[in-house]
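Student: I would like to learn how to read a helical model feature by feature. Could we go through one together?

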Amino acid sequence: MDIIATLKELCLTSGFATISVQQLIMLGVAVVLLYLGIVKQYEPLLMIPIAFGMLLANLPLAGMTDEGGLLYYLSKGVSWNIYPCLIFMGVGAMTDFGPLIANPSSLFLGAAAQLGIYVAFTVANLLGFSPAEAASIGIIGGADGPTAIFLTNNLAPHLLPAIAVAAYSYMALIPIIQPPIMKLLTTEEERQIKMEQLREVSKTEKIVFPIVVTLFTALLLPSVAPLLGCLMLGNLFKECGVTDRLSDTVQNALMNIVTIFLGTSVGAKAVGETFLQFSTIKIILLGLFAFAFSTIGGLLLGKLMCKLTKGKINPLIGSAGVSAVPMAARVSQIVGQKANPSNFLLMHAMGPNVAGVIGSAVAAGFLLTVFG
């Protein structure tokens, strides 16, 4: 009888007996995201940790997100904005700002490609979201996951799971989303334009650049200092030539560790009570809207610059102004080469692409200053 009573008690207190409908749905969502990350390879380095964190957080009675649980402590790195800044340090250590320095006009393309942030902010506000929530939704248009997490965590932390999933999903879908817009807004003749080779950038310029950018942006918008400061510190490690060990650590070991912690912690915040709401669907749709308009903004300025320079700039590089490095630049290269097999736009597109990283961070700093 003791054995039967023990087995009965075990069954009644197991997760199978206590699991809710919401938890079942969220576990299903986690499995779908795992499929997208593993089989479809949509941003797998972050999609898989996010999905598995979601799975762990929605296991009944596991208590992993309760005070004292593993995910409770890991998620402090998100709540305190530690992980997004460290990710930016790694991105900086892997980024070559040479194309941007060689062609400073790329900054304008990077700025124009933030159009979707402000368009989506306006639409979200009209749909009933608060200004802080609308700003967090709009930042999806920057196509920068860490920036989206940083801003949302400060302005609307309850929307963090939906915004993070949307941001990284659309980053992974750049090769699908952008080409139709690029072909719609440019002519065959424009797509065939070949650009002159960029000038060689000196080592001194590459060392001075992160210092100057940090000073200027942090003095202009102090709230953006954590993100851009870490980005430029990582880049300085790479370019100064005397911190190779630090650069290697930031690019590899630190980046990998923080990616695991960030993804798992963000996924752990996606519990049924907050994620399974109609607002989540609206956020995902608004994120696509924001991303499309960011691409449009970069392309339209690219077309204007093409006309002003009498055909010296291929407008396709404007679409790379979103900050998904280097994927957006590669898409510009692919679309341009389909129109003209001898066209090599990658390095030219990298200028707006890295400018977009700075642009999205500055946009986040502006929104945080206004609505924070």
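**Reading the helices, their packing and the loops**

Tutor: Just after H20, the phi of Lys 310 is positive, at about 60°. The model is a predicted one.

Student: Where is Lys 310 found, and is Lys 310 exposed or buried?

Tutor: Lys 310 is in the loop between H20 and H21. Lys 310 counts as exposed because its relative accessibility is 77%, and exposed means over 50%. Its positive phi belongs to a residue other than glycine.

Student: Which value does phi take at Gln 41, and where does Gln 41 lie?

Tutor: Gln 41 is another residue other than glycine with a positive phi, near 55°. Gln 41 lies in the loop between helix H3 (21-38) and helix H4 (44-57). With a relative accessibility of 59%, Gln 41 counts as exposed.

Student: What should I note about the peptide bond that joins Val 325 and Pro 326?

Tutor: Look at omega. The bond between Val 325 and Pro 326 is cis, with omega about -10°. Pro 326 is in the loop between H20 and H21, the loop where Lys 310 is also found.

Student: What does the same check give for helix H17?

Tutor: Helix H17 covers residues 225-239, which is 15 residues, so at 1.5 Å a residue H17 should span 21 Å. The end C-alpha atoms of H17 are 20 Å apart, which agrees. After H17 comes Gly 241, with a positive phi near 85°.

Student: Which residues of H17 are buried, and which helices do they pack against?

Tutor: The buried residues of H17 are Leu 227, Leu 228, Cys 230, Leu 231, Met 232, Gly 234, Asn 235, Phe 237 and Glu 239. They pack against helix H7 (82-93), helix H12 (145-155), helix H16 (203-220), helix H18 (244-268) and helix H22 (346-371).

Student: How should I read a nonpolar core?

Tutor: In soluble globular proteins, nonpolar side chains tend to be buried together. Here the largest nonpolar core has 109 residues, and Phe 97 and Leu 262 touch the most other members. H22 supplies the largest share of this core, 11 residues.

Student: Which residues is Phe 97 in contact with, beyond its neighbours within four places in sequence?

Tutor: Phe 97 contacts Phe 209, Leu 231, Met 232, Asn 235, Val 354 and Ile 358. Among them, Leu 231, Met 232 and Asn 235 are buried residues of H17.

Student: Is Val 258 buried or exposed, and which residues is Val 258 in contact with?

Tutor: Val 258 is placed in helix H18 and counts as buried, at 4% relative accessibility. Leaving aside neighbours within four places in sequence, Val 258 touches Tyr 83, Leu 86 and Ile 87. Val 258 and Tyr 83 are 175 residues apart along the chain, with 6.1 Å between their C-alpha atoms.

Student: What about Asn 340: buried or exposed?

Tutor: Asn 340 is buried because its relative accessible area is 14%, and buried means under 20%. Asn 340 lies in the loop between helix H21 (327-339) and H22. Apart from neighbours within four places in sequence, Asn 340 is in contact with Gln 192 and Lys 194.

Student: How is a pair of packed helices described?

Tutor: The description consists of the angle between the two axes and the distance between them. For helix H10 (residues 115-126) and H22, the axes come within 11 Å and cross at roughly 35°. The crossing of H10 and H22 is right-handed. Ile 117, Tyr 118 and Phe 121 of H10 make the contact with Ala 363, Phe 366, Leu 367 and Phe 371 of H22. By class, the residues of this contact are 7 nonpolar, no polar and no charged.

Student: At what angle do H10 and H11 pack, and which residues make the contact?

Tutor: H10 and helix H11 (residues 131-138) pack at about 140°, with axes 8 Å apart, and their crossing is right-handed. The contact involves Gly 116, Ile 117, Ala 120, Phe 121, Ala 124 and Asn 125 of H10, and Pro 131, Ala 134, Ala 135, Ile 137 and Gly 138 of H11. The contact of H10 with H11 has 8 nonpolar, 3 polar and no charged residues.

Methods
Residues are numbered from 1 along each chain as its sequence is written. This is a predicted model: local features need pLDDT of at least 70, side-chain atom pairs count only at pLDDT 80 or more; totals for chains, interfaces and linings use all residues. Side-chain values use heavy atoms; hydrogens and water are left out. Helices (H or I, at least four residues) and strands (E, at least two) are DSSP runs, numbered from the N terminus. The expected span of a helix is 1.5 Å times one less than its number of residues. Buried means under 20% relative accessible area, exposed over 50%, partly exposed in between (1.4 Å probe, protein chains only). Contact means heavy atoms within 4.5 Å. A nonpolar core is a set of buried Ala, Val, Leu, Ile, Met, Phe, Trp, Tyr and Cys residues joined through side-chain atoms within 4.5 Å. Axes are lines fitted to C-alpha atoms, for helices over the stretch in contact, and angles run from 0 to 180 degrees between N-to-C directions. A crossing is left-handed if the near helix is turned anticlockwise from the far one by less than a right angle, and right-handed if clockwise. Ala, Val, Leu, Ile, Met, Phe, Trp, Tyr, Cys and Pro count as nonpolar, Asp, Glu, Lys and Arg as charged, and the others, Gly among them, as polar.
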